Amino acid sequence: MITLKLATSLDGRIATAAGQSHWITGEKAREAVHRLRAEHDAVLIGAETALADNPELTVRTPGYNGPQPARVVLDSRQRLRPESKLVQTARDIPTFVVSTTEPDAALLGFGVRVLQVRAVGEDRPELKTVVQTLSQEGLNDLFVEGGGQVAASFLRCGLVDRIEWFRAPMVIGGEGRPAVGALGIAGLSDAPHFRRTEVREVGDDLWERYERI
């Protein structure tokens, strides 16, 4: 089961043109995201998000004492920095880098698990192989948090089962960074289709839930 999480402005932007994104959605929406993380085996992001945001990708809900989900970074060239929060805590929380190159000894030395998979296109990991490889590691329920190119890749490959979309009451405009990158869709019939299952307010934001048709 693969869930795509989006936290955007009303017009589907995840950051300004300059990259500012903290925080588009409010505190209650972020609390909901932490609860969703706890329901999955792993949280997955792309290398660009890892480098730009230096996230922890942990469940930090007050009173939560359950297991932390594994962290997965799609990082073809293993650019994840040794000083990053993900690498520094890899011995405490399972942390995987999915690469198309031989494992980097420096990352391995910090306890990061490097999974080498075959490449497609611009030396990107082939996503269906990625999903199969993660499943072999016991990571079957994935929570995909971004960025835009990663979201587009999962949608383009037909791998997204659910969408958890948090929408803030602001408009950033066309120069902002889109939540979903290019899909290369020529006709509406080719677009991924989803069914809305729930809409609720979380603070000032809107939480929309979708399932693949």
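# Why these labels?

Trainee: Why does Leu127 count as buried?

Mentor: Leu127 has 6% relative accessibility, and buried means under 20% relative accessible area (over 50% is exposed, in between is partly exposed; 1.4 Å probe, protein chains only), so Leu127 counts as buried. Before we go on: this is a predicted model, where local features need pLDDT of at least 70 and side-chain atom pairs count only at pLDDT 80 or more, while totals for chains, interfaces and linings use all residues. Residues are numbered from 1 along each chain as its sequence is written, and side-chain values use heavy atoms, with hydrogens and water left out.

Trainee: What does Leu127 touch, not counting residues up to four places away in sequence?

Mentor: Leu74, Ser153, Phe154, Cys157 and Leu159, where contact means heavy atoms within 4.5 Å. Leu127 and Leu159 are 32 residues apart in sequence, with 8.5 Å from C-alpha to C-alpha.

Trainee: And Arg37, why does that count as buried?

Mentor: Arg37 comes out at 8% relative accessibility, so it counts as buried too. Arg37 is in helix H1 (residues 27-38). Beyond its neighbours within four places in sequence, Arg37 is in contact with Val43, Leu57, Thr58, Val59, Arg60, Pro69, Phe143 and Glu145.

Trainee: What makes helix H6 mostly covered?

Mentor: Seven of the nine residues in H6 (residues 148-156) are buried. They are Gly148, Val150, Ala151, Ala152, Ser153, Phe154 and Leu155. After H6 comes Gly158, with a positive phi near 70°.

Trainee: How many helices and strands does the protein have?

Mentor: Six helices and 13 strands; these are DSSP runs numbered from the N terminus (helices H or I, at least four residues; strands E, at least two).

Trainee: Why is the protein called as compact as a globular protein of that length?

Mentor: Its radius of gyration is 17 Å, close to the 17 Å that the globule rule gives for 213 residues, so the label holds. The radius is taken over C-alpha atoms, and the rule is 2.2 Å times the number of residues to the power 0.38. Buried residues make up 46% of the 213.

Trainee: How do the residues lining the second largest pocket divide into nonpolar, polar and charged?

Mentor: Into 10 nonpolar, one polar and no charged. Ala, Val, Leu, Ile, Met, Phe, Trp, Tyr, Cys and Pro count as nonpolar, Asp, Glu, Lys and Arg as charged, and the others, Gly among them, as polar.
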